[in-house]
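Me: I have a model open and want to talk through its packing. Can you take my questions one by one?
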Amino acid sequence: MATRRAYGVALAKLGEASKRVVALDGDTKNSTFSETFKKAFPDRYIECFIAEQNMVGVAIGCATRDRTVAFASTFAAFFSRGYDQIRMGAISQSNVNLVGSHCGVSIGEDGPSQMALEDLAIFRAIPTCTVFYPSDAVSTERAVELSANTKGICFIRTSRPDNAVIYSPDEKFEVGIAKVVRQSDSDCVTVIGAGVTLHEALAAADMLASEGKNIRVIDPFTIKPLDAATIMASARATKGQIITVEDHYKEGGLGEAVLSAVGGEPGIVVTRLAVSGVPRSGKSTELLDMFGISAKHIANAVRQTFAN
Amino acid sequence: MEDYHKPDQQTVQALRNIATRLRINSIKATTAAGSGHPTSCCSVSEIMSVLFFHTMKYRPEDPRNPNSDRFILSKGHAAPVLYAVWAETGYLKENELLNLRKVDSILEGHPVPGLGAACGMAYTGKYFDKASYQVFCLLGDGEMSEGSVWEAMAFASYYQLDNLVAILDINRLGQSDPAPLQHHVEKYQRRCEAFGWQAIIVDGHSVEELCKVLSQPRHQPLAIIAKTIKGKGIPAAEDKMGWHGKPLPKDMADSVIKEMQSRIVSCNKRLYPSPPVEDASPVSLRNIRMPSAPSYKTGEKIATRKAYGMALAKLGRYNDHVVALDGDTKNSTFAELFKNEHPNRFVECYIAEQNMVSVAIGCAVRDRNVVFASTFATFFSRAYDQIRMAAISETNINLCGSHCGVSIGEDGPSQMGLEDLALFRAIPTATVFYPSDGVSTEKAVELAANTKGLCFIRTSRPENNIIYSCNEDFHVGQAKVVYKTNDDQVTVIGAGVTLHEALAAAEQLKKERINIRVIDPFTIKPLDSKTIIDNARATRGRIITVEDHYHEGGIGEAVCAAVVNETGFTVQRLAVSQVPRSGKPAELLRIFGIDRDGITQAVRKMLSGAANAK
């Protein structure tokens, strides 16, 4: 199930649990799946049309004095329209929740204008912000629940492609706690991915296992705060070798977050796979490959760490 | 209206036929791609036919000709119909259309947006080029909800851009719901008129009505409010929700196309666009140089924001095509120094930053101008989508953001740029300048004018010393070592106010017999990794970065990324750690540990940590 669809399911479920939950969207509800909430609770859904600055502003207004738990969604790229409002929301200590779908090149044919490739950078730079990047339907649902209960601005990054459910329904999730989703006693590299690239990393793990090489795969769950302790421990167990892979530009995202987390530690080497240069239209899988963040490239990067 | 020459029946039929062929090709292309927005193309087919084969003056074989009328497809998802137009003119082969949205194709999914950009082109045509070309912008009704559209509307009427035509495709339906005003075209008309435009309602599928409205003389910007049907020509989809972004399945496409083809009435008239009036003089933007070296004296004090204004005015003195824009902050950003000297090349954009960036992009299109747009650094957050799209459309504009960091002082956090480095670093074609004194600011302005892509110059409010001599050479991606001895223990990297704090810290630490090396990166992107790594090696891999910016995405993370694979390097990052407050600049720098005391403390801690580790 795509995490964008899981968001819709989760929000409707949360709406069932609390009357205070309201949802807003910018004429993308059939793409972000906020329409799932709308169908269940039409009186608590606000259509904001294609006016994202205003949507963020209205959401912040709705959340003032804790009158509502507000979730506003659109394509992640379009929150760039409302960034000043988001910035000011943090300054005024808002607890608004923002959900951006269609992240990365993995959206495919709609092309770069619709692809969010800088949203992790801009949300990480917001002081009170928690940045969730759930990789499957279960963790998306947990992210929605945690956002509703976490102070400050919360941003949830969702993807367009369908991906496997990898967590059991009773897996516990917390802000700032990463999950080690693949490990063995003889892991040679730690690979950190999220969203589609977590699944690519798992596929790479399978490829490499058949060559007799094992890798540890980590799902950070929240990019901010980042679970530095788990990442460091894992790095130490894998000879200091880390590879990060993200459907995002190089700057300001998962790679740089990991770098800052391990910056003080000697002996840790980080290789960052990310999208470089303005992308283009194409099939989702072709683009992941073209921009160096598919399973094939992850496996190559792993093999490269041996060569060095 | 007496002047109006009605097109003859042959022409009308030919235009109708073209519209039908545009529909057919849009459907073919999107069905072949398995994705795209055919119904959005169907509502604008007559509009595109009339514009490209009757109204607009251009040369299809020379699309970048500066004399040609300009067309902006703000309704970007109708891209297939634009490509179909090119195929119709012969510029593109029809079989190329089948490669829409495919990886090896040049045909992008959603091209450039913006009535604001259209305003920039129109302003350039009317006031800078003083040429005859007209600007046509096609918008969808969904996007009319965007505030940026109304900022542009206000700008266009304020500046009397009578060479600008906006065609509004009022097809009633958005992506997931009807647009708020649905088919109430009279409401659109009243809104446009309230914003100072002439607004005329037409049947968007009537070739005759479109020809007529596009032929009349204009004294104000014109909004053509075209009432249309989304999915026109596709019976199952006409005016129905649920078809946005859905290509037709193959068998439906085949039968619809067959039906459309049967409507094409044969006619002998071959339509070809009229050539443009050749009155836009050629412009060469190569080598935009300062007439002389900077003339600051070492020890003189000037804020980099003021140095920007002086530099820009100087650049404009010998380069006619430099233009400047600002968002009612010119007395703070010092863009007013340019305005005072070159009033005809300054465009006041008022407090509408999204529009300012779009207008800047429009002014820069086809390399007609070297454009600088300024406001407070933090207000570029208003325009981040426009900035993001500028990179995607390979624009060369220069943005200057003043009042960065807590060092602005009393005006408080709403005015402080603390995330702008993160924002601009994440833009693919961006060069990020962070000059630390008057000399390097002047160099940054000159370099920005000559550097492709988006350039951002970050300037500060406080006054700081001149630290470079006037004949110091500066390059993009080249850092400067501004303080060194043979026995430096730590490399400290700062910029803007924190570079000066680092220099002060160096003086302080010297008294304690601790030597530090101080580096000025000059450009944060690209970052001079080599200089940083070489110097840090000399200081046993010890690096401290200090920035008037949040921790995320700025200098600290850029440096971490640069040295990531050097063994034995440690980077300590000093930055602003939370939402700041009002206060005196010096107090704020101290509270956030990014002043000279914060730096000296960090140096001592790093060294004692190293000593302990031994």
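Me: Which residues touch the most other members in the largest nonpolar core?
Reply: B:L115, B:L325 and B:I387 do, in a core of 141 residues. A nonpolar core is a set of buried Ala, Val, Leu, Ile, Met, Phe, Trp, Tyr and Cys residues joined through side-chain atoms within 4.5 Å. Buried means under 20% relative accessible area, exposed over 50%, partly exposed in between (1.4 Å probe, protein chains only). This is a predicted model: local features need pLDDT of at least 70, side-chain atom pairs count only at pLDDT 80 or more, and totals for chains, interfaces and linings use all residues. Residues are numbered from 1 along each chain as its sequence is written, chains are lettered from A and ligands numbered from 1 in the order written, and side-chain values use heavy atoms, without hydrogens and water.

Me: Which helix gives the most to this core?
Reply: Helix α5 of chain B, residues 115-128, with eight residues. Helices (H or I, at least four residues) and strands (E, at least two) are DSSP runs, numbered from the N terminus.

Me: And what does B:L325 touch?
Reply: Its contacts include B:F346, B:V347, B:M356 and B:F372, not counting residues up to four places away in sequence. Contact means heavy atoms within 4.5 Å.

Me: Which residues are buried in α8 of chain B?
Reply: B:V207, B:L210, B:C211, B:V213 and B:L214. Their cover includes α1, α3 and strands β2 to β5 of chain B. B:C211 also belongs to a second, separate core of 37 residues, along with B:I47, B:L51 and B:L222, among others.

Me: Switching to chain A. Is A:E256 buried or exposed?
Reply: Buried, because its relative accessible area is 1%. A:E256 lies in helix α10, residues 254-262.

Me: What does A:E256 touch?
Reply: In chain A, A:K250, A:E251 and A:R272. Across in chain B, B:R425, B:G553, B:E557 and B:A561. Again, residues up to four places away in sequence are not counted.

Me: Where does A:V278 lie?
Reply: In the loop between β12 (269-275) and α11 (284-290) of chain A. A:V278 counts as partly exposed, because its relative accessibility is 27%.

Me: Which residues does A:V278 touch?
Reply: A:P112, A:Y249 and A:F291, plus B:A391, B:I392 and B:P428 from chain B, not counting residues up to four places away in sequence. A:V278 and A:L117 are 161 residues apart in sequence, and 9.2 Å apart in space, C-alpha to C-alpha.
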